[in-house]
Amino acid sequence: SRLDWWGRERRAKAEAALSDVIKGLVEIGLREAKADLYPGHGELTGDLKRSVHGAGPGYNWPGDNEHPTPEMGHQEFEPEQRGDRILAAFGSGLDYAIYPHQGTGRTQGYHYLTNQIPLMRREAPRLAKDAGRKHGFR
């Protein structure tokens with residue numbers, strides 16, 4: 001009897017599923033971060049809200065300031081694989097994005113980029129289950 005090894009195929013399926021989970025987590029983070037910015041709560045013109053987007057680990061965040069408009073939020077991105085890791089991030093590269101997040105000596109921060117971490121943790125098992133089914137795992 002011959003043993004068939006499906007390691008490469010299984011690994012590729014697992015990596016695709018994990019990529020879907022990471023992308024889903026980033027999408028939750030984006031949605032919640034943008035919802036946390038509204039007039040009187042970190043939003044003045046809407047530029048910061050529009051600038052929040054997902055990206056791979058090699059993204060040039062300071063380059064967000066070089067665009068004529070900070071509309072980055074509708075860009076598609078894919079998590080990147082580096083070695084055995086699948087990585088992605090979300091945030092804003094605008095110079096002033098840190099001030100509404102962290103606050104200053106005169107204002108409190110809204111932590112709009114990290115408030116959603118508990119929600120992302122709660123959603124991770126559901127996203128993993130959905131991605132597993134999509135990619136042929138039980």
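**Helix packing and core: questions and answers**

Q: How does I117 count: buried, exposed or partly exposed?
A: I117 has a relative accessibility of 33%. Buried means under 20% relative accessible area, exposed means over 50%, and partly exposed lies in between (1.4 Å probe, protein chains only). I117 therefore counts as partly exposed.

Q: In this predicted model, what pLDDT must side-chain atom pairs have to count?
A: Residues are numbered from 1 along each chain as its sequence is written, and side-chain values use heavy atoms, with hydrogens and water left out. The model is predicted: totals for chains, interfaces and linings use all residues, local features need pLDDT of at least 70, and side-chain atom pairs count only at pLDDT 80 or more.

Q: In what order do helices and strands follow along the sequence?
A: The chain has four helices and six strands. Both are DSSP runs numbered from the N terminus: helices are H or I with at least four residues, strands are E with at least two. Along the sequence the pattern is α-β-β-α-β-β-β-β-α-α.

Q: What is the radius of gyration of the chain?
A: The radius is taken over C-alpha atoms, and the globule rule is 2.2 Å times the number of residues to the power 0.38. For 138 residues the rule gives 14 Å. The chain is well over that, so it is more spread out than a compact globule, with a radius of gyration of 18 Å.

Q: What size of box do the C-alpha atoms fill?
A: The box is taken along the principal axes. Its dimensions are roughly 75 × 30 × 25 Å.

Q: What share of the contacts joins residues at least 24 apart?
A: Contact means heavy atoms within 4.5 Å. The count covers contacts between residues at least 6 apart in sequence. Of these, the share joining residues at least 24 apart is 65%.

Q: Which residues touch the most other members of the largest nonpolar core?
A: A nonpolar core is a set of buried Ala, Val, Leu, Ile, Met, Phe, Trp, Tyr and Cys residues joined through side-chain atoms within 4.5 Å. The largest one has 20 residues. The members that touch the most others are A33, F90 and Y112.

Q: Which residues does A33 touch?
A: Residues up to four places away in sequence are not counted. With those left out, A33 touches V52, F90, Y112, L113 and Q116.

Q: How far apart are the C-alpha atoms of I117 and G29?
A: I117 lies in helix α4. G29 is 88 residues away along the chain. Their C-alpha separation is 7.4 Å.

Q: What distance separates the C-alpha atoms of G24 and E123?
A: G24 lies in helix α1 (residues 7-35). It counts as buried because its relative accessibility is 10%. E123 is 99 residues away along the chain, and the C-alpha distance is 9.0 Å.

Q: How far apart in space are R126 and V21?
A: R126 sits in helix α4. At 40% relative accessibility, R126 counts as partly exposed. R126 and V21 are 105 residues apart in sequence, and C-alpha to C-alpha they are apart by 9.1 Å.

Q: Which residues does H135 touch?
A: H135 is found in the segment after α4. H135 is buried, because its relative accessible area is 17%. Not counting residues up to four places away in sequence, it touches K13, A16, A17 and D20.

Q: What is the phi of H111 near?
A: H111 is in the loop between α3 (98-102) and α4. At 33% relative accessibility, H111 counts as partly exposed. Its phi is positive, in a residue other than glycine, and is near 50 degrees.

Q: What C-alpha distance separates R50 and R133?
A: R50 is in helix α2 (residues 47-51). R50 is partly exposed, with a relative accessible area of 30%. R50 and R133 are 83 residues apart along the chain, and their C-alpha atoms are separated by 33 Å.
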